[in-house]
Amino acid sequence: MSAAGQTHRLAAGGLIDRDNRLSFSFDGKSMDGFAGDTLASALVANGVKLVGRSFKYHRPRGILTAGSEEPNALVELRTGARREPNTRATTIELYDGLVSASQNRWPSLSFDFLSINQLASPIFVAGFYYKTFMWPSALWEKFYEPLIRRAAGLGRAADKSDPDHYEKAWAHCDVLIAGSGPTGLAAALAAGRAGARVILCEEDNRLGGRLLSDGGTIDGIDAAAWVAKAEAELRSMPEVRIMTHTTLTGAFDHGVHAALERVNDHVPVPPEHQPRQRVWRIVARRTVVAAGALERPIVFGGNDMPGVMLSSAVRTYINRYAATPAKRLALFTNNDDGWKTVEAALAAGVTVAGVVDARAEVSAEQRALAAKHGFAVLNGVVDHVEGGKAGVAKIVAALAGGARATLEADGLAVSGGWNPSVGLTSQHRGRPKWRDDIAAFVPDGAPPGMIAAGSANGEFSLAACLMEGHSSGAAAAGDLGFSKSAGNTPVSDEDAAYSLKPVWTVNSKHKAFVDFQNDVTASDIALAAREGFQSVEHLKRYTTLGMATDQGKNSNVQGLAIMAELTGRSIPETGTTIYRPPYVPIAIGALAGHHRDENFHSTRLTPSHHWAAERGAVFVDTGLWKRAQWYPIKREKDWLVSVTREVKAVRSGVGFCDVSTLGKIDVHGPDAGTFLDRVYINTFSNLAVGKARYGIMLREDGIVYDDGTTSRLAEDHYFLTTTTAKAGQVMQHLEFCRQVLFPELDVQLTSVSDQWAQFSIAGPKTRDLLRDIVDPSEDLSNEGFPFMGAREVMLRGGVKARLFRISFSGEMAFEISVPTRFGDALVRNLMIAGEKYGVTPYGTEALGVMRIEKGHVAGPELNGTTTAADLGLGKMMSTKKDFIGRSMAGREALVADDRQVVVGIKPVDKARRLRSGAHIIPKGATPGPETDDGYVTSVCFSPFMDQWIGLGLVKHGRERHGEIAMAHDPVRREDYEVELCNPVFYDPEGGRQRG
Amino acid sequence: MRIACPFCGPRENGEFSYLGDAKPKRPAPDAGQDAFYDYVYLRDNVAGEMEELWYHGGGCRSWLKVRRNTVTHEIFSVEPVAGAGAQKVAS
Amino acid sequence: MVELSVELSWAETTPLSRIYAAGRQGAKEHDAGLTMAEQTGFELVQVMARRGQWSATDQACKEAYGASAPAKPHAVVAQGALLVWSGPDQFLVLSPRGDGLERARLAFAGMASLSEQSDGRSLLRISGARSRDLLAKVCSLDLHPAVFPQWAAAATSIDHTSVNLWRSTDRDGEAVFHLLVFATFAESLWHTLLDSGAEYGVAIDAPGAWQA
């Protein structure tokens with residue numbers, strides 16, 4: 001039945017579909033497996049033992065486990081853009097056409113050049129990064145780092161963008177259960193029957209946990225049949241949700257959990273429209289951790305050799321996958337559970353070469369079994385194994401009496417006992433407690449609402465798991481008031497003995513590994529102890545023990561035990577390191593979910609966006625907004641040409657710009673004026689209805705926070721604008737003022753940012769254009785609509801609008817607001833009506849040029865360090881009222897006369913480009929902190945001045961107009977003369993905007 | 001983390017913004033610079049229970065007083081500030 | 001005065017009208033698990049009670065709309081309008097395009113502050129067997145029928161942006177959700193919803209006037 005290559009496939013048994021043959025490749029070699037296999041089980045079936053090279057010494061490694069804790073069998077899965085490095089072969093469900101490759105080897109797995117590192121192993125000891133590459137430092141960048149980078153790391157990331165989709169989702173439940181072994185199934189049944197909303201997360205592709213490998217009898221039926229029955233009952237409950245392929249990876253505050261669902265990792269390409277993986281945030285009122293326990297290795301010589309495998313994994317491969325890791329198997333155990341593997345092997349027809357049992361006594365049944373099958377039971381430990389990259393050949397045991405014995409075998413199953421999975425229960429900095437009887441850490445309390453049950457709680461027998469699972473599921477539901485019957489507790493009479501004798505390490509002359517993935521040996525831990533790195537946290541950092549992708553699941557306890565022995569402390573005294581999420585590795589792509597590329601963040605579009613896009617506008621991201629930066633027309637060779645044209649068109653005719661991105665807030669209520677007086681430095685309560693005023697807000701520390709124009713539309717209604725960047729923050733600040741600081745004021749706030757499409761129309765022909773848009777009955781004359789006027793007007797065609805006579809450009813200008821639904825129509829109407837005036841749309845660049853020419857401050861000057869006085873706006877500060885920031889703005893340092901204040905700056909050489917960030921120093925001075933007078937904040941090419949100009953913040957700037965100073969730009973290595981001048985380059989008298 | 005907004009119910013922390021200690025009260029306008037200095041800059045750094053201001057900007061836009069253990073993140077109470085909603089508040 | 005030489009056209013747009021395409025999106029091999037539509041033709045007014053005026057506002061609401069103003073997160077079907085809770089002592093009045101703003105002004109004069117938001121929001125309708133699965137990908141709320149029954153409402157966030165969400169009357173045994181989102185954010189959210197719902201198959205209805 002089995003294929004030619006499947007030399008280690010058993011003739012019968014296993015949860016595989018022998019009618020569904022799948023072909024796959026490993027390192028370019030084609031092989032066959034069956035549906036139901038993992039990549040690891042298929043490799044086992046094909047007799048593959050060597051699957052990778054270790055991280056530091058490039059030692060040959062095989063498969064150690066059968067689960068997500070696998071430290072050795074990491075492969076590159078798939079090819080091209082979908083290539084995924086460091087994927088655990090033990091978790092990859094086999095599919096037809098799967099392509100995988102070993103990693104961390106060159107040029108090939110069986111001949112690896114860097115395995116020479118083993119010969120140099122004396123220099124790769126604990127702390128070698130700190131000791132070896134220290135000196136000379138000049139060698140770091142050119143020599144040490146490239147060397148380490150080539151040698152270190154594991155697989156290669158894909159060099160193309162991942163074509164697959166990932167997403168995130170929320171789920172909510174009453175009782176969340178992690179794991180669907182006997183404990184988890186019993187808990188889910190109990191909670192579900194009681195009426196609770198249950199989510200059952202299972203990392204594997206099917207329910208059952210260890211029952212799939214160990215079998216047994218529950219409620220009088222075979223375990224597999226019981227699992228099927230339990231699953232059917234759970235699926236019949238509408239409030240129970242079963243999530244397979246889903247690992248619970250984190251437990252956060254207040255019942256929030258993270259889980260990773262591998263939706264489509266078991267197919268080569270996810271079906272169209274489906275994600276590859278999904279990260280869940282699960283909000284649960286109660287959590288039952290039924291995550292089981294992990295078997296631990298024993299540290300002996302050559303314990304990392306291919307063919308050495310955890311005993312429970314051997315059992316899994318034989319029973320679940322009908323694939324045997326060895327033809328002639330030996331066992332090294334210190335407990336009864338290991339013997340189950342011998343029984344499984346014998347039942348499958350695998351020859352057992354012998355058992356090395358660390359305990360002085362084994363049971364009569366075990367002796368009888370050995371006698372019946374003719375294998376030796378040796379009392380002692382394995383000193384080392386011999387063999388090579390092809391795998392184990394000989395097992396050399398050190399017997400209790402001091403003698404040595406050798407077993408010939410091509411596989412060694414190892415059981416050092418079991419560690420409950422205490423990761424989830426300890427993630428809130430809880431430290432697990434030590435239980436001597438099982439020589440393992442068990443949960444000691446858990447985050448509120450969470451409880452561990454079954455093996456995860458140190459109860460290893462099937463009977464106890466079922467009982468504890470049932471009772472914790474029932475208790476969780478009962479706590480929440482679900483009172484329906486939880487039904488009967490599933491029972492099993494399998495209350496197997498465990499009787500473990502702790503053995504952590506064997507004093508062998510051969511290299512013995514504690515952390516397989518990071519190549520930490522027993523002698524590394526001894527070195528750390530000698531050098532004083534005895535605290536577990538130091539031990540971890542110094543040796544890198546437990547810092548690999550398995551996060552010490554296979555190594556930490558042995559490492560602690562060795563350190564405890566070396567330092568004469570007990571294991572609980574030695575303690576554990578802190579457990580942190582995630583419990584298993586999660587790809588960054590899964591954490592990003594939908595938020596990548598154009599969906600990196602949500603976007604906001606202005607009312608004129610589609611029109612601007614039609615015209616070929618270039619857009620710039622401003623916060624979440626896409627804003628038109630400039631509107632290139634044919635044959636314009638670069639942005640500066642376009643921007644200059646736009647500025648000239650405005651200054652000589654008329655142009656318009658979408659300013660809908662400004663934050664807009666309705667301030668209502670009888671106390672609205674008083675409220676604004678307290679948040680702005682200037683007074684608004686005396687603003688006449690129909691008028692606008694420029695205002696400045698300070699932070700309470702006296703520094704400028706935001707600015708904008710606020711209009712009074714009615715006695716109890718102001719319309720406030722903020723800068724684009726600060727819109728959200730100002731809203732929050734104003735709500736703070738309203739609710740926390742001044743709750744006695746009767747004022748209401750609403751953001752109306754999206755209600756209005758707002759355009760600035762600027763230039764000497766603005767009024768001409770507006771007269772074609774606005775109803776003829778509206779008086780737009782200087783008398784009828786003076787500078788800083790603000791009122792509702794009717795447009796031709798019957799659309800109501802708001803008109804504000806305000807100017808940011810220094811030109812005669814209005815801002816016009818229409819309800820957003822008319823925004824698109826308004827720009828099109830402006831273009832049609834403005835054709836005869838040469839109307840020109842302009843973008844944020846031209847807007848910036850004109851504000852710099854006019855000396856208006858903006859973001860680069862409102863930079864969180866400047867006062868109103870620094871910006872030349874100190875006179876706006878009212879002395880007749882309290883306002884936020886008033887007191888602190890008067891601090892000595894904020895009113896000192898050598899503060900950097902806004903000044904105009906232009907290069908003396910008119911052909912020279914001025915750059916933002918250049919420092920201003922006195923002419924002839926040596927650049928340095930003591931001669932630094934300030935810096936250039938904003939620059940532009942000014943069509944009006946026909947040269948580059950800028951604004952800057954410079955000490956004594958106002959008294960230095962006309963002075964020639966130096967611009968010192970160490971980043972661009974430039975030094976050039978500049979003239980300090982009045983920041984208002986354009987129309988300093990202001991006649992144009994008032995005309 | 002989840003905060004039970006008294007108006008909206010329990011919500012994930014992404015809907016909230018943290019301000020900090022709720023204890024400092026804005027001094028009277030004539031209290032002088034020292035009082036304002038304390039108000040603006042001086043904060044207790046409590047490891048344990050403290051009352052904090054949080055803003056439910058991603059929900060009902062109410063400012064809330066949250067009594068929370070800064071070490072365990074246990075939340076003991078969540079109340080609206082005086083000016084949340086429309087009740088009249090004496091000056 | 002210059003004679004006007006061109007006619008102005010005031011064609012209205014909706015927040016989605018420039019990208020909207022009715023029909024099927026996403027998976028097509030099975031019946032659409034989702035039905036979505038932009039709802040148009042509504043008026044929306046934010047009502048915020050002034051200090052000490054909530055009872056008066058509530059009373060005025062009863063008189064003008066025949067229903068109590070919503071004092072907790074739910075939506076109230078009233079005469080000619082839907083009243084949607086939006087925060088403490090504040091709510092939204094949603095009504096078909098007409099005299100909604102004027103009616104609210106008359107009803108609440110002097111006791112509540114009003115801001116018109118008819119253009120400031122986009123209104124989406126989401127229904128179908130997979131509507132909760134779709135919303136679970138963007139919304140952190142528990143929308144289980146026992147927790148979020150018909151006419152429950154919430155002010156919450158999607159993609160870090162505020163939304164109002166409520167559940168209206170079921171249709172064909174399936175929940176119907178309405179989502180009010182900022183108008184300038186609507187296209188972005190629409191794309192996200194279509195991407196997230198693609199695996200279920202989305203039937204996009206022609207945009208239709210909103211009805212309570």
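The model is predicted.

**The core**

The largest nonpolar core has 371 residues. Those with the most contacts inside it include Val175(A), Ile177(A), Val289(A) and Leu329(A), together with Leu83(C). Ala191(A) also belongs to that group. Helix 10 of chain A, residues 462-479, gives the most to this core, with nine residues. Chain C takes part through two domains: domain 1 (23-40 + 119-209) and domain 2 (42-116) each supply at least three residues.

What surrounds Ala191(A)? Leaving aside residues up to four places away in sequence, Ala191(A) touches Val175(A), Ala196(A), Val198(A), Gly473(A), Ala474(A), Ala476(A) and Ala477(A).

**The sheet of chain C**

In chain C, five strands form an open sheet, ordered 4-5-6-3-7, with antiparallel pairing. Strand 4 (75-78) and strand 7 (112-116) of chain C stand at the edges; each has a single partner strand, so one side of each is left without a neighbour in the sheet. From one strand to the next, the twist averages 25°.

Strand 3 (residues 42-49) of chain C pairs with strand 7 of chain C over five bridges, in the antiparallel sense. Within strand 7 of chain C, Ala112(C) is the residue opposite Ala49(C).

| Helix of chain C | Residues | Strands of chain C touched | Angle |
|---|---|---|---|
| Helix 2 | 100-108 | strand 3, strand 5, strand 6, strand 7 | about 20° with strand 3 |

**A covered helix in chain A**

Is helix 22 of chain A, residues 844-853, mostly covered or mostly open? It is mostly covered: 10 of its 10 residues are buried. Just after helix 22 of chain A, Gly855(A) takes a positive phi of about 75°.

**Chain B**

Chain B has one helix and six strands. From the N terminus on, its elements run β-β-β-α-β-β-β. Its C-alpha trace spans about 40 × 35 × 20 Å along the principal axes. Of its 91 residues, 31% count as buried. Among contacts in chain B with a separation of 6 or more, 47% join residues 24 or more positions apart.

How values were computed: Residues are numbered from 1 along each chain as its sequence is written. Chains are lettered from A and ligands numbered from 1 in the order in which they are written. This is a predicted model: local features need pLDDT of at least 70, side-chain atom pairs count only at pLDDT 80 or more; totals for chains, interfaces and linings use all residues. A nonpolar core is a set of buried Ala, Val, Leu, Ile, Met, Phe, Trp, Tyr and Cys residues joined through C-beta atoms within 7 Å. A residue is buried if 20 or more other C-beta atoms lie within 10 Å of its own, exposed if 12 or fewer, and partly exposed in between; C-beta atoms are placed from the backbone. Helices (H or I, at least four residues) and strands (E, at least two) are DSSP runs, numbered from the N terminus. Domain bounds come from an automatic or database domain assignment. Two residues are in contact if their C-beta atoms, placed from the backbone, lie within 7 Å. Two strands pair if DSSP finds at least two bridges between them. Axes are lines fitted to C-alpha atoms, for helices over the stretch in contact, and angles run from 0 to 180 degrees between N-to-C directions.
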